[in-house]
Amino acid sequence: MDRFKIFAMMLAGAAFSLTACDGDDSDDISSQTIITADKVEQTPLDKWLEVNFLQPYNIEIKYRYEYNETVGDYYTVPAAYEQAVEMAHIVKYSCVEAYDEIAGIDFTRQYFPKMFFFEGEWHYMNNDNYELGTAEGGKKIFLLGLNYLDEYKNSLFTLNYYYLKTIHHEFTHILNQTIDYPATFQLITGTGYVADSWSSDQWNSGYLQRGFISAYAQHSDAEDFAETMSMYVTNTPEQWEAWMQDAEGTEEEPSDGRQYIESKLDIVRAYMRDNFNIDLDELRDVVLRRENDIISGKVDLSDVSID
């Protein structure tokens, strides 16, 4: 079964923010509710998910902890019920309904993954990296680290970095499994892919000048395509242009990085337009507007009432 993953580097600051936990903090996982698969009573979230995901889209969201659904290579932690409620709203408003708005509900029903599995913790590696999410078999997305959501949901940067970019990244893999991207994409920086060495000191800086939008994009052409797509739609035009200027290098050491990245972006644009009738700039506008609605508190993330 095909399995795609997205990783982040465990920087010193990030490591502290992910592991430091004040026992008196109201967001401490110990003060929240854990619901396992063997709890048969229906919760308000169960009914809300049925009405908002299962019935209109045939999408199942599993937030109850099921060991058999986890990846045995990692120490796994249940997602807190309260965080699962919030993440379900965020996925619906900023991702599912964004694709509804830009491409129509039939597109979302056909292509969006049919299962999300929420876990409370990241998947930590033994090489100073941690896994933010995975996509399996073109159908399922594991979304990790939910128990840090309250810490990261109020910043566009952190909400995207830890969660939403992951969803768009993994969804891109699923689209690629349905319709493959052109082989010309991998030729643009074909000798630059370094597999698992992407996070080493040699490769985790200077990647823009080498023609990659992120350090992880250097892993392989499949990850590069998904990173180009997901980074573009979750960042402002101003941020993208700042990266492109950085990719040009300096006057003393000019680089072709901007040309490489923009050539890749052109292929991603054409892929989404020609295969799915999606304008990438319009998608970005919709995604950012909806994400800003979440950040500004316009979306009630705790309401699981049924109209």
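**Entry 1: a charged pair and its surroundings**

I began with glutamate 101, which counts as partly exposed because its relative accessibility is 40%; in my terms buried means under 20% relative accessible area, exposed over 50%, and partly exposed in between, with a 1.4 Å probe and protein chains only. Before going on I noted that this is a predicted model, in which local features need pLDDT of at least 70 and side-chain atom pairs count only at pLDDT 80 or more, while totals for chains, interfaces and linings use all residues. I also noted that residues are numbered from 1 along each chain as its sequence is written, and that side-chain values use heavy atoms, with hydrogens and water left out.

The side chain of glutamate 101 meets that of arginine 290 in a salt bridge, at 3.0 Å from N to O; the term stands for a side-chain nitrogen of Lys or Arg within 4 Å of a carboxyl oxygen of Asp or Glu. The two residues belong to distant parts of the chain, with glutamate 101 in helix α3 (residues 81–103) and arginine 290 in helix α11 (residues 280–295), 189 residues apart. Helices (H or I, at least four residues) and strands (E, at least two) are DSSP runs, numbered from the N terminus.

Arginine 290 has a relative accessibility of 10%, and therefore counts as buried. I found arginine 290 again over the face of tyrosine 93, at 4.7 Å from the ring centre; for this, NZ of Lys or CZ of Arg must be within 6 Å of the ring centre and within 35 degrees of the ring normal.

How many salt bridges does the structure hold? I noted 17.

One of them joins the side chains of lysine 165 and glutamate 227, at 2.6 Å from N to O. This pair also links distant parts of the chain, since lysine 165 is in helix α6 (residues 156–178) and glutamate 227 is in helix α8 (residues 221–233), 62 residues apart. Lysine 165 is buried, with a relative accessible area of 8%, and glutamate 227 is buried too, at 2%.

Glutamate 248 forms a salt bridge with arginine 258, where the closest N and O atoms are 2.9 Å apart. Glutamate 248 lies in the loop between α9 (237–247) and α10 (257–276) and arginine 258 in helix α10, so this pair ties together parts that are 10 residues apart in sequence.

Are the side chains of Met115, Phe116, Phe117 and Phe118 in strand β3 buried or exposed? I found both faces of the strand (residues 115–118) covered, with Met115 and Phe117 on one side, Phe116 and Phe118 on the other, and all of them buried. In a regular strand the side chains alternate between the two faces of the sheet.

Strand β2 (residues 60–62) pairs with β3 in the parallel sense over three bridges, where pairing asks for at least two DSSP bridges between two strands. Isoleucine 61 has phenylalanine 116 as its bridge partner in β3. Strand β6 (residues 140–143) runs parallel to β3 and is joined to it by four bridges, and phenylalanine 118 stands opposite leucine 143 in β6.

Leaving out residues up to four places away in sequence, leucine 45 touches Tyr63, Tyr81, Ala84, Val85, Ala88 and Val304, contact being heavy atoms within 4.5 Å.

**Entry 2: aromatic rings**

I counted 28 aromatic pairs in the structure. Rings of Phe, Tyr and Trp (its six-membered ring) pair if their centres lie within 6.5 Å, and planes under 30 degrees apart count as stacked, over 60 as edge-to-face and the rest as tilted. The pair of phenylalanine 107 and phenylalanine 276 is edge-to-face, because the ring centres are 5.8 Å apart and the planes stand at 75°. Phenylalanine 107 lies in helix α4 (residues 105–111) and phenylalanine 276 in helix α10, so the pair ties together parts that are 169 residues apart in sequence. Both phenylalanine 107 and phenylalanine 276 are buried.

Last, I noted one aromatic cluster, with Phe107, Phe116 and Phe276 among its members.
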